[in-house]
Amino acid sequence: MSLVQLRASKTAPPRDLRAFLPMTREEMEARGWDELDVLIINGDAYVDHPAFGGALIGRFLEGRGLRVGMIAQPRWDDPKDISRLGRPRLFVGITAGNLDSMLNKLTAQKKIRGEDQYSPDGALEQRPNRASIVYSNLARQAFPGLPVVLGGIEASLRRIAHYDYWSDQVRRSVLVDSKADLLIFGMGERPVWEVARRLKAGEDISTIRDVRGTAVMLPKGQWEHLPKSRYVRDGLPLHLPSYEEASADKDAFLEMSRAFQHETNPGNGRPLVQPHGDRALYCNPPAHPLDMRDMDALYDLPFVRRPHWTYAGSKIPAFETVKHSIVTMRGCFGGCTFCSITEHEGRIIQSRSAESVLREIRALRRMDDFRGVISDVGGPTANMYRMRCKSEQIESACRKLSCVHPGVCENLDTDHGPLVDLLKKVRKAEGVRRVFIASGVRYDLAERSPAFIRELATHHTGGQLSVAPEHVKDDVLAKMKKPGVASYERFAEQFTCASEAAGKDQHLVPYFISGHPGSTLDDMVDLALWLKARGVRPRQVQDFIPTPMSMATCMYYTGRDPFTREPVYTAKELREKKLQKSLLLYWDPAQHHLAREALRRAGRAALIGHGPSCLVPPEGGGATRTPGASPVPGARRARRGLGAAGP
């Protein structure tokens with residue numbers, strides 16, 4: 001275990017010891033504190049910026065009068081490190097960080113990543129595997145009898161029995177293995193405040209079992225006789241297949257996953273009960289989303305917007321990406337099966353007011369390195385700002401898992417007007433020179449708004465715009481719950497026309513996924529041919545990773561669609577996953593040996609050669625030219641990360 005040593009630089013300017021949440025005793029003393037109310041143990045480096053979950057929750061609790069301290073990336077071989085700020089009065093909060101710790105460490109090929117984006121200078125080995133479990137058990141050792149509360153995306157997406165790709169097994173709820181007292185899932189502001197308030201009032205943690213957005217373990221004798229729900233509106237607990245059943249029987253796992261997905265709407269979600277041995281996990285319904293006033297108050301908190309001073313001289317790569325960006329909303333109603341945003345942030349869009357965004361721009365202007373360029377204005381999806389169901393009554397009763405698949409729901413308000421108005425105000429703000437949109441654009445929504453596309457192409461694209469068609473085959477896209485490729489092509493045409501009208505040479509940079517459930521080698525060959533015919537050489541190719549709780553992960557593990565129960569082909573061998581990815585990189589000579597193997601396996605060996613219809617050259621045969629595109633310069637651009645989108 002190799003940890004970054006935290007020390008102040010000798011040449012650093014004097015520190016404002018009251019600016020950050022305390023990470024040291026010195027900072028506590030500067031505030032006149034002899035003890036904390038809440039201690040947050042964070043798997044990420046402490047960056048006091050609203051894009052980092054630990055800081056967001058810490059500032060939220062501080063804003064309600066609690067004394068909150070932070071210990072980031074502590075040693076995990078000894079509880080002494082997490083004890084350095086003393087025993088907190090109310091509870092210890094645990095988060096593995098902004099990513100699942102296993103996803104943060106390992107690739108789809110189960111190899112260690114070259115960098116940890118959330119650690120100083122990208123250093124590796126700054127957090128343990130399954131950090132939620134390790135940190136929770138450390139807290140138990142360091143502070144016997146003190147309530148331990150899990151939160152963050154790792155805990156949220158592992159709250160029920162789940163398939164773990166890295167160990168290739170179904171694991172128990174993280175609440176069981178961590179031995180924590182309570183788990184907060186989803187965006188945790190509402191539940192964490194209710195838990196803190198009740199603990200502060202003297203209530204014992206063992207009696208706090210009814211907070212929305214939380215899960216607890218019930219001992220033997222307290223769950224067996226709970227009534228079972230018969231229909232959605234009865235509000236009674238829905239009993240899921242037990243952990244033992246889900247781990248032994250893929251049909252039970254499929255049923256568990258399907259049932260869980262339909263209980264994620266706060267308006268009609270039921271409590272969930274899942275036995276684990278002689279105990280049972282009890283999940284309350286999801287917390288209600290924040291309204292605009294609450295969102296504004298959250299982002300108005302006094303974030304320093306930089307890493308803690310103990311990291312002087314080091315850079316946190318994830319912070320460098322977002323430090324001049326602005327989050328305008330949270331949540332996503334897309335329901336893509338490979339994505340876990342919906343399961344964590346919810347399907348209901350929660351937006352900030354334009355006034356709140358403009359206040360944050362004034363905070364950006366106070367940063368020493370801000371030069372008037374805002375790198376992103378968006379969220380999980382850039383163009384879902386202020387989009388909601390047209391009826392609160394319909395929204396609260398809806399059981400659909402996507403508002404845009406298989407088509408855009410007629411009850412969804414897709415008006416881009418509020419977003420266009422916001423972007424105009426941001427551009428006109430004092431001190432702002434350029435404003436970019438780097439968040440993903442949902443093109444099936446964007447194509448409904450020519451005004452937004454004109455705004456996007458004219459003012460908010462810096463030569464290239466990233467979009468995510470993911471695939472082109474209808475059967476595969478249906479498994480992803482993504483729109484057909486015709487929607488992407490319509491958007492591409494509109495964007496090209498808008499760029500030309502603005503006098504700009506701009507291109508789309510499409511993202512694709514290889515190895516997704518439903519995608520065969522033959523499907524990937526067809527995708528590669530589609531790309532080659534258009535002179536497109538993808539720079540961003542993601543090898544599908546089955547992350548906990550997503551529907552695509554259920555397909556990967558069970559081999560069946562959880563909704564239709566039909567068989568779904570899935571590439572499970574690491575070699576085949578590598579072969580599928582190589583076909584998307586058909587233009588790269590370094591991938592040609594794999595692409596040739598893939599073509600032979602798919603029975604498409606005729607595509608190996610020098611002809612205009614071929615994908616890759618034969619062994620020792622040089623490069624295959626793409627009509628209308630120069631293969632060598634394009635490959636160089638793609639490898640440099642500059643993109644290479646053709647006509």
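Reply: A quick word on labels: helices (H or I, at least four residues) and strands (E, at least two) are DSSP runs, numbered from the N terminus. This is a predicted model, so to speak plainly about cut-offs, local features need pLDDT of at least 70, side-chain atom pairs count only at pLDDT 80 or more, and totals for chains, interfaces and linings use all residues. Residues are numbered from 1 along each chain as its sequence is written, and side-chain values use heavy atoms, with hydrogens and water left out.

Let's start at Thr 570, which sits in the loop between helix 21 (551-558) and helix 22 (574-584). Thr 570 counts as buried because its relative accessibility is 12%; buried means under 20% relative accessible area, exposed over 50%, and partly exposed in between (1.4 Å probe, protein chains only). Setting aside residues up to four places away in sequence, Thr 570 touches Pro 517, Met 555 and Tyr 556, a contact being heavy atoms within 4.5 Å.

Now for strand 20 (residues 540-543). Strand 20 pairs with strand 19 (residues 507-514) in the parallel sense over four bridges, where pairing takes at least two DSSP bridges between two strands. One of the links joins Ile 513 to Gln 542 in strand 20. From strand 19 the chain goes through helix 20 (residues 521-533) to strand 20, a right-handed β-α-β crossover: with the strands pointing away from the viewer, the path from the first strand over the helix to the second runs clockwise.

What about the nonpolar cores, meaning buried Ala, Val, Leu, Ile, Met, Phe, Trp, Tyr and Cys residues joined through side-chain atoms within 4.5 Å? The largest has 122 residues, and Leu 61, Ile 374, Val 441 and Phe 491 touch the most other members. Helix 20 gives the largest share of this core, seven residues. A second, separate core of 66 residues includes Val 148, Leu 238, Cys 336 and Met 549.

Elsewhere, nine strands form an open sheet with mixed pairing, in the order 2-1-3-4-7-8-11-10-9. Strand 2 (68-72) and strand 9 (238-239) stand at its edges with a single partner strand each, so one side of each has no neighbour in the sheet.
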